[in-house]
Amino acid sequence: MKKKILAAWILTLSMLCTVILPAQAAQAEYTDVKGHYAQKAIETWSDYGVLKGYPDGTFQPNGTVTRAEFAVVLDRIMGYRRIAENTFTDLSEDQWYTRPILRLVAEGVFTQQAGAMEPNQLITRQETFAALARFFALEESEKATGFTDDSAIAAANRGFIAAMKEAGYIQGDGDGSIRPNDSLTRAELVTMLSRMIAGLANTKGTYSQDCRGTMVVNEGEVTLKNMTIDGDLIVGDGAANSDVYLNGVTVKGDVVLRGCGENSFHIGAGSQVNKIIVNKPANGGIRVVNETDKTIPLVEVKENAGAVILVGNLQTVAVTSGTEVTLKGSVNKLSVTAPDAKINVDEEAEVVSLVTDTAARVNNKGKISSVKAQADGLVLDGNSPSTVTTVKGVAAPVDAKGNKVVASGSSSSGSSRGSGSTSSSTTTKETPLPEETRDPGAEPTPPAEPAPTPGGEPTSPVEPAPAPADCKHTQVEPVEEACKPATCVQAGRSVARCQDCGEEIMEEIPALGHDYDGNGVCTRCGATRSEEDLPDENTPQAGTPFDQNRSTELGLAVLLAMGTAVLLLWGGDRLQRKRQKG
């Protein structure tokens, strides 16, 4: 029995150690970062495996960064897959930095296309800022940078640096300068990364800690659960063709999909996202599944190496690249602006409105209510839509055999006449107004509107009938001049207009709260942290292992359970001995 008790204690201790140890590696311990302003950021990014120290145990935070080192860091964060042809005279294939540099060239982060790359040359601050702007797909700003040494910034970098300043990623020194031609230190690089990326999921598993900025997922088979992401969610190339799951997740920024596979990016119950950008440049197709009962406002298909499958309820789908998109669900508006795009409407899918601004191919096995061709070259096969409209000078859609597409409710005789008009087909039958140019069965022009004259401009689209007083406001669009956005400590508001009833809908935006960097300066507004703002020591902070608190609680529970088991065994042994003596 003593052996059984000892075995039970050993089992208890082994299970306890297994449960309460953090899932991530212990924080890196460098001999030269304690007390440094970038200590926390250095330890966090070292634990991620993105940064590494030197064999002597130092990190050398004030040391400089080469172009090669910078390339390796960014490549580790995103896990790029495409690689450019090596046209550089100083990049040999056997160097540790060659492939990371060529991957950054393929993605446009490094802009040199030939000649010398100079990998061992120190990277300047302005080169770093411009490359980081391209890394995060920031568009060049036309505004002035406002830095006192703006004249020293190269013209090719100025727009990107202005964009970085507008985004709050760079602030400049106390004298208003940015020192564009100075070298970048290792501490400055890691501080910049912490400002731009608040969380990194680069190992398989479940993550559930709120992220107070942009989060990058750089691995497949990752589940984000019961959390809020204040910034963007970027699924990097490192996720490859694996799955990523969102369960009870709110993403306040955009979802950018550079990775994930044909199985899918799953938006599970209780999740809320506003905009999804599909931009997967390598490794095949991708499937996006909306499993919630909410409609996703916007999905933009920008670039993809393979087919894109969209499942679930979507408000607007904008296809801006010549790729194949299959719809399996409900779409209110489908906009196609890229030449050579191919659209498949599944049997169970429904599209309320299809608008094409370029040549495209559409195979409709489901239902399309309205088609409007604003450019030549629309090929429409399968089921006929309820309405077909073309603008002035645009050829009517045809099927793959060259036959003109006729709306499902149109009559079989007649033809469009005149010029300067739109042609359409609907199920409505009305007597034409005098001098009206119409296709057979075309939608009637309201009597209040004059008929177009030959050579005149197209008639404006008819305004929809007023929505009922109890309009649900299911279709909204932003007002051109939005109200003041929320600041760190002040609530703001934005305004949208209902497309059905025209009512302006006010949406309150909560205060964001300060986000302090290693120097105690808010990265959003520049305010300096006071003693009152210091976080409670029991509150999980950015950079701590996800679910560490939950692991500790589970460990204590297991310890209690196993301790109870040991006591029961001991008690049984005592009772047995007592009976034997009796």
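Where does Gln60 lie? Some notes on this and other spots in the model, which is a predicted one.

1. Gln60 lies in the loop between H2 and H3. Have a look at its backbone: phi is positive, about 55 degrees, although the residue is not a glycine.

2. Ala137 is another residue to check. Its phi is near 60 degrees, again a positive value in a residue other than glycine. You'll find Ala137 in the loop between helix H5 (125-135) and helix H6 (155-166). The relative accessible area of Ala137 is 62%, so this residue counts as exposed, the cut-off being over 50%.

3. Now for helix H2, residues 39-47. This helix is mostly covered, with seven of its nine residues buried. Those buried are Ala41, Ile42, Glu43, Thr44, Trp45, Ser46 and Asp47. What do the buried residues of H2 pack against? Their partners are helix H3 (67-78), helix H7 (186-196) and strand S1 (199-201). After H2 comes Gly49, and the phi of Gly49 is positive too, near 85 degrees.

4. On to the aromatics. Searching the whole structure turns up seven aromatic pairs. One of them joins Tyr80 and Phe135: the ring centres are 6.2 Å apart and the planes stand at 80 degrees, which makes the pair edge-to-face. Tyr80 sits in the loop between H3 and helix H4 (98-106), while Phe135 belongs to helix H5, so this pair ties together parts that are 55 residues apart in sequence. Tyr80 and Phe135 are both buried.

5. Phe135 also pairs with Phe136. This is an edge-to-face pair as well, at 5.0 Å centre to centre with 85 degrees between the planes. How buried are these two? Phe135 has 7% relative accessibility and counts as buried; Phe136, with a relative accessible area of 13%, is buried too.

6. Last, two places where a charge meets a ring. The charged end of Arg67 sits over the ring of Phe110, at 5.4 Å from the ring centre. With Lys165 the ring is that of Phe147: the charged end of the lysine sits over this ring, 4.6 Å from its centre.

Technical notes: Residues are numbered from 1 along each chain as its sequence is written. This is a predicted model: local features need pLDDT of at least 70, side-chain atom pairs count only at pLDDT 80 or more; totals for chains, interfaces and linings use all residues. Side-chain values use heavy atoms; hydrogens and water are left out. Buried means under 20% relative accessible area, exposed over 50%, partly exposed in between (1.4 Å probe, protein chains only). Helices (H or I, at least four residues) and strands (E, at least two) are DSSP runs, numbered from the N terminus. Contact means heavy atoms within 4.5 Å. Rings of Phe, Tyr and Trp (its six-membered ring) pair if their centres lie within 6.5 Å; planes under 30 degrees apart count as stacked, over 60 as edge-to-face and the rest as tilted. A charge sits over a ring if NZ of Lys or CZ of Arg is within 6 Å of the ring centre and within 35 degrees of the ring normal.
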